[in-house]
Amino acid sequence: MMIGAVLADASDEEIHQIEMIASDVGLAFQIQDDILDVTSTMEILGKPINSDDKNQKTTYVTIKGLERAKEDVDFISGRAITNLNTLSGKNEFLSTLIKKLVDREK
């Protein structure tokens, strides 16, 4: 996202805002990944499940719990989309992409 902003000659303020959006998207994506490790199946996810627990990794889910993690994914991704919508121009593609990244099942 940052490269796109720089190449599009975004202002410093827009670059800062895009950096915040990208940070939220990355965080929401990782939380969703932690959720899927607990809730999905190997057939759907395409990789071993519960691997974080087996490897004794601390994840967002182990710290906050599954329900809170789901709530936070919704909140953080919603904040990213809200901030995206304040930028000039139409950003329908990015908005759809963000939703797909954080709502994914695999």
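Which residues of α6 are buried? I shall answer that in a moment, after a word on the model.

This is a predicted model, in which local features need pLDDT of at least 70 and side-chain atom pairs count only at pLDDT 80 or more, while totals for chains, interfaces and linings use all residues. Residues are numbered from 1 along each chain as its sequence is written, and side-chain values use heavy atoms, with hydrogens and water left out.

The chain holds seven helices and zero strands; helices (H or I, at least four residues) and strands (E, at least two) are DSSP runs, numbered from the N terminus. The C-alpha trace spans about 45 × 25 × 20 Å along its principal axes. Of the 106 residues, 31% count as buried, where buried means under 20% relative accessible area, exposed over 50%, and partly exposed in between, with a 1.4 Å probe and protein chains only.

To return to α6: its buried residues are Ala-69, Asp-72, Val-73, Ile-76, Ser-77, Ala-80, Ile-81 and Leu-84. Seen down the helix axis, they fall within an arc of 160°, so they line one face of α6; the arc is that of the directions from the helix axis to the C-beta atoms. On the other side of α6, Glu-67, Glu-71, Asp-74 and Phe-75 are exposed. The buried residues pack against α2, α5 (60-64) and α7 (92-102). As for its length, α6 has 19 residues and reaches 27 Å from its first C-alpha to its last, close to the 27 Å expected at 1.5 Å a residue, that is, 1.5 Å times one less than its number of residues.

I turn to the interior. A nonpolar core is a set of buried Ala, Val, Leu, Ile, Met, Phe, Trp, Tyr and Cys residues joined through side-chain atoms within 4.5 Å. The largest has 11 residues, including Ala-5, Ile-15, Ile-18, Leu-87 and Ile-98. Both α2 (12-39) and α6 (66-84) supply at least two residues each to this core, and α2 gives the most, with four. Within the core, Ala-80 touches Ile-21, Asp-24 and Val-25, leaving aside residues up to four places away in sequence; contact means heavy atoms within 4.5 Å. Apart from this core lies another, of eight residues, among them Ile-35, Val-61, Val-73 and Val-102.

Finally, one side-chain arrangement. The charged end of Arg-104 sits over the ring of Phe-29, 3.7 Å from its centre; the rule requires NZ of Lys or CZ of Arg within 6 Å of the ring centre and within 35 degrees of the ring normal.
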